[in-house]
Amino acid sequence: MDLLTHAFTFLYQIGDAFSFLVLSACGLAVVFGMMGVINLAHGELIMCGAYVTAATTRAGLPLPLGILAGALAAGAVGMVMERLVIRHLYGRPLDTIVATWGISLAATQGTLILLGSSMPGIGTPLGSFAVGGYSYSTYRVVLMVAAVAVLAGLYLAFNATRFGTLARATIQVPHMAEALGVDTRTVYALTFGLGAALAGLAGGLYAPTMTIVPTMGTTFIMEAFVTVVVGGADIFLGTAPAALVLGTVRALLTTWQGQLFGQIGLLVAVILVIRVLPRGISGLILRERA
Amino acid sequence: MPRTPRGSRLSALAAALLLSTPLAAPAARAADPIKLGVLEDQSGDFALATIGKVHGIQLAADEINAAGGIAGRKLELVIYDTQSDNTRYQEFMRRVLQRDKVNAVFAGFSSASREAYRPIVDQLDGFAFYNNQYEGGVCDGHMVITGAVPEQQFSTLIPWMMEKFGKRVYTIAADYNFGQISAEWVRNIVKENGGEMVGEEFIPLGVSQFSQTIQNIQKAKPDILMTLLVGTAQASYYEQAAAANLKIPMGSSVNIGQGYEHKRFQPPSLANMYVTTNYIEEVDSPSSKAFLAKWKAKFPNEPYVNQEAENSYLAVYLYKQMVERANGSTKRADLRKVIAAGDVCVDAPEGKVCIDPKSQHASHTISLAKVDEKHAISFPKTWDNIQPYWLGKAGCDLTQKDPMAQYTPSNPPKP
Amino acid sequence: MSLAMTLLRRLEGPQTLGRGPAFWTAFAIVIAAAIAYPWFADGYTVGNTAYFFCWVFMALGLCLIWGYGGALSFGQTAFFGLSGYAYGVLTLNVGAAYGFTLAALVLAVALSAVMAALLGYFLFFGRIGGVFLGIITLSVTLALERFMAQTAGPEWKIGAARLNGYNGMSGMPPLTVPWFDGEIVLFPDVALYYGLLGLLIVVYLALRILVNARFGNVLVAIRENPERAEMLGYDVRRYQLAAFVIGSALAGLSGTLYTAWGQYITPSSMGLTAAALPVIWVAVGGRGDLTATLLGTLVVLGGFQALTIYGSQYALVVMGLLLVVVVLAAPDGLVVAAMRGLGRLRRREAGR
Amino acid sequence: MTPLLETRALSKHFGGLHVTNDVNFALAAGEIHCLIGPNGAGKSTFFRLLLGEYTPERGQILYAGEDITALKPFARIRRGMSVKFQVPGIFPSLSVAHNLEIALQHHLEGASLGAEIRRLLAFLNLSAAASERAGNLSHGQKQWLEIGMAISLKPRLLLLDEPTAGMSPDETFATGAMVQALNRDGVAVLAIEHDMAFVRQIAQRVTVLHVGRIFAQGTTDAIIADERVAAIYLGETDAPPLRSVADA
């Protein structure tokens, strides 16, 4: 096998791990970074996105629209959740953890009761391509592109739109924003909705590649948390580099020692990073910049 | 290790307390129903494969009751949902044995759940049926195991596949007892048949992303891929492998027959998979068709009748025969005497099934199921009367001695 | 007599609900009822109650760490599992003779205390707090779970004890108390019930003394305002560490008792679902008070079990929603809310 | 005579911003000293350096002749320093008496602890609120409670960060009287203060901080008369600078 193939396989693996981490974490990062809320029901929002995507696609909608529907549905569910529960718990982060965990429990089992123990899959589109004797799923490359696109989109949303400005103002100096006539409650609700929609988007994007079951959220949640914690509060300076670092760590460990070490390595990484950088990678970058 | 409290003031007090409560059960009269405890996961991770097990037991019980019961006694089911949670098995196993005082228990999907309740069954001298395909090796006089074990599934599947596709074998397996022990079986049988293991990879439970694994397999270029993946997360492998255009013939002991992946996944992700199973609803025989018709009449919404559902169904009939031959006794000792005779057999939907007296495991008719591009099933081969031979050969003989332990090929019974 | 009075005074204080003759009379009645209980219940019910008692220690420990110290540990199950496995390894190697199971119990709990001291040093002396503490402790327990799950192979053994991977370790003896003319095996049912009841009373009263002492004062001060506590000259890190070690040792005690009860321990007792349970018990009962946690844990355990028996598949949905409702409507916990309501009612009665 | 508190070339910067720049400062035992300066002058950072919440990049802090630069905050407190924060630092869900008990339990217990709590409550005008939740007190009462906790430690040096912020003139005056009473018992006081009336009431000496440096130092009257000091304050009132990290 020549060097180029080697390099490509390795980059493909890193890209694959990176896109999984970014997509599963970005919704959580928005909610945690902007609002300081730890949403343990994040995985169930991903599941919601996947279910809606699978259902609409099977009903005849083209896949991209199905994914969009999944994201919107999860976003709507997120807004409702914010209105009914999260809103009453601002400033009580530990209680939020407990409450969202309760939601997660009820949502998983409720889905099982309502929709059965599994949903038929929709199949991965776009086929495969070959490089140097290996074949790869084309759709996986689409996922990598989607991860980068989501990051870019978020950057624009927070830096070039009125909502972004208001959101950042609200989060940084809430009383000031309020004094300036910003409806901070709406901003919080929208931010949470955005985070939920991103979760739904992740679910929708991965729906064609996975078994669609009520418990599928749990396969995302740990990775999402690790990425957000390692990244710190800032999505662009934190989540993205964290996903890159962790993706590389995981790809290396998995190649070298198998999946178990890939998994445990992630957990050890999070412990070490918190110890060394209590505010995550973004904390480090921001400090250096200041 | 002392098994009963003896000679002390406190334990005497305890015994007195126990006796003073009105729970010394009156001797069973002929008209009393026979109670069967059913502990299966109707919610949580495993519910997908196990709801059918409860239905199988209900179907058998209804049929038996309609035909007059067992030795004139009706069957009564005591059903609990164990929520895919080991601690629930522990709690409810105590409950069915102590409170409900069932005569036998039908319990457990995952091996962990079985190991969780087994000490309690042993301690309280219960009698339990484990109706699940598993990694094998349980040598316990309190247990009857009706599910297929690796030697039954692999000694049939692997030689057949190696003959057809080639001798280079790659295994991916769930990284826990079932996967590791099954992989050990694959390794041994491949070697016995002159094949070569070109790779082995263990995947932690709950992993859902397989790009690296797919690449490793491509690199090793096997003729046969054994997929011993477990759980809904790991099932994502097939979709991802198909998307990466990995077209190696797959063999498995656990897919299709348990989680009916061919029904759940978009074709052709499972194309070219070969599975040995003692039953699936596609099995094309008159007894199977009749069974399926009865099932669909009672449970029209059943998504699939898998091998564990059939195991559970036939287990009730095995129990019926034991009790009838023990002249209506439900005592464990009496039933084990019947088992020791060596001819407890029933005509199950799959064919004839008998209990091996040494290991108290069941012999099976093993069908080789092939999945095609459209996910339709065909059966290129069927083996009759495949014995669960390993435990007996390795030295487990429950007619002589009851070690109440689980063994593995690398950790066999000590002579 | 004066000693008893001093002791009683130490049991009361601003950190615990319930004081005065009324409370202690009720306490005595409850204890008497608990002692008489096996006369009136069947073996299963008594054994099942003893099983519930096994878990309460972990809840009380978390109550100390979270409710009093303000540090939410999501990973108490790590110590639960660690001690459970330690008990298994010790007793499978040495056996149950000469009351060794009791020594194994102590050693297993001590192991958790030592591991908690190491982890706690890393956490608290590294000034890790808030949600990060929760995430790290959760990571620790999940990493342990994933590691233990793959130890099925024969190479994973400590002496005669095979770790046995995801299927779990089994075959360890139950707790055995040496007695004059033989020994008492604490099988589930009555013997174990009395053993655990005694232990529970001792631990509960000891914790009451602890939280009402200077130590407890400082602990709640840290929960309320760590900076102020430090500026009163307290080394916040040490107090948090001490609470964490005590609480984790109690989690270890639960794990050991559970293992001895079922003669079985498995990696999934350190998994995500298991890890969240103590948080639920403590949150629902009332994290700010030991008595509330004790009662709440028993109520939740019994209630969820009953739900599973009678509500079948709706049990998890109800549990989840209950959690949300409690956090929203009774943030101090149901038992605390009920106790306060009762107190208010009584005052109104008295005022009339 | 050795000063009670002394800093030598103390410096701290955040990124490129020097919030404490080469500060040489001394405080005599028994003195009441006020620290003033416009917002962003670095007063709070200086306090946090003294307390050990921030670590300086350069320089030393000496307390009664001992180098305490590397000591943790609680260790400094145990040597006889004590602090009252700008935002009242109390234990909100505990009772007022309980708040004081936590501060007093270092050196008292049993009956004498109870007696001291009662004495302090009277001194702080909080006797009636003894069993009230501390979080329910008025702002001024919270300030007093925190002063009470700070002096419970029997400090030799009391650091006060804007002790009268948010107080009515009457409350401010009463607070001044409290500080002076403490000082008569030998407690040295270093106070950050904006309210010049209060400064005039209590201060014996005043130090003006500006952009992290000592800008002026002297008696209260001399500082008030200094036009340059007035100028930096005027500069501030015209265009209030954004709150910097240092002051937050």
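Helices (H or I, at least four residues) and strands (E, at least two) are DSSP runs, numbered from the N terminus.

Before going on, a word about the model. It is predicted, so local features need pLDDT of at least 70 and side-chain atom pairs count only at pLDDT 80 or more, while totals for chains, interfaces and linings use all residues. Residues are numbered from 1 along each chain as its sequence is written, and chains are lettered from A and ligands numbered from 1 in the order in which they are written.

Back to our helix. What do the buried residues of α3(D) pack against? They meet α8 (214–224) of chain C, together with α4 (110–123) and α5 (139–152) of chain D. Among those buried residues are D:His98, D:Asn99 and D:Glu101, along with D:Leu100 and D:Ile102.

Chain D itself is assigned domain 1 (5–90 + 153–238) and domain 2 (93–136), with bounds that come from an automatic or database domain assignment. The C-alpha centres of these two domains of chain D are 27 Å apart.

Now for chain C. It has 14 helices and 6 strands, and 61% of its 352 residues count as buried. Its C-alpha trace spans about 70 × 50 × 50 Å along the principal axes. A compact globule with 352 residues would have a radius of gyration near 20 Å, and chain C agrees, with 20 Å. That radius is taken over C-alpha atoms, and the globule rule is 2.2 Å times the number of residues to the power 0.38.

Let's zoom in on two helices there. The axes of α12 (residues 290–310) and α13 of chain C come within 8 Å and cross at roughly 145 degrees. Axes are lines fitted to C-alpha atoms, for helices over the stretch in contact, and angles run from 0 to 180 degrees between N-to-C directions. On the α12(C) side we find C:Phe304, C:Leu307 and C:Thr308, meeting C:Ala315, C:Val318 and C:Met319 of α13(C). A contact means that two C-beta atoms, placed from the backbone, lie within 7 Å. Ala, Val, Leu, Ile, Met, Phe, Trp, Tyr, Cys and Pro count as nonpolar, Asp, Glu, Lys and Arg as charged, and the others, Gly among them, as polar.

How do the chains meet? Chain C puts 32 residues in contact with 32 residues of chain A. On the chain C side, α6(C) gives the most, with 11 residues, and that side divides into 23 nonpolar, 7 polar and 2 charged. Chains B and D do not touch, and their nearest C-alpha atoms are 38 Å apart.

Last stop, chain B. Its domain 1 (31–148 + 284–365 + 385–406) and domain 2 (151–252) have C-alpha centres 29 Å apart. Their contact takes 12 residues from domain 1 of chain B and 10 residues from domain 2 of chain B.

Definitions and conventions:
A residue is buried if 20 or more other C-beta atoms lie within 10 Å of its own, exposed if 12 or fewer, and partly exposed in between; C-beta atoms are placed from the backbone.
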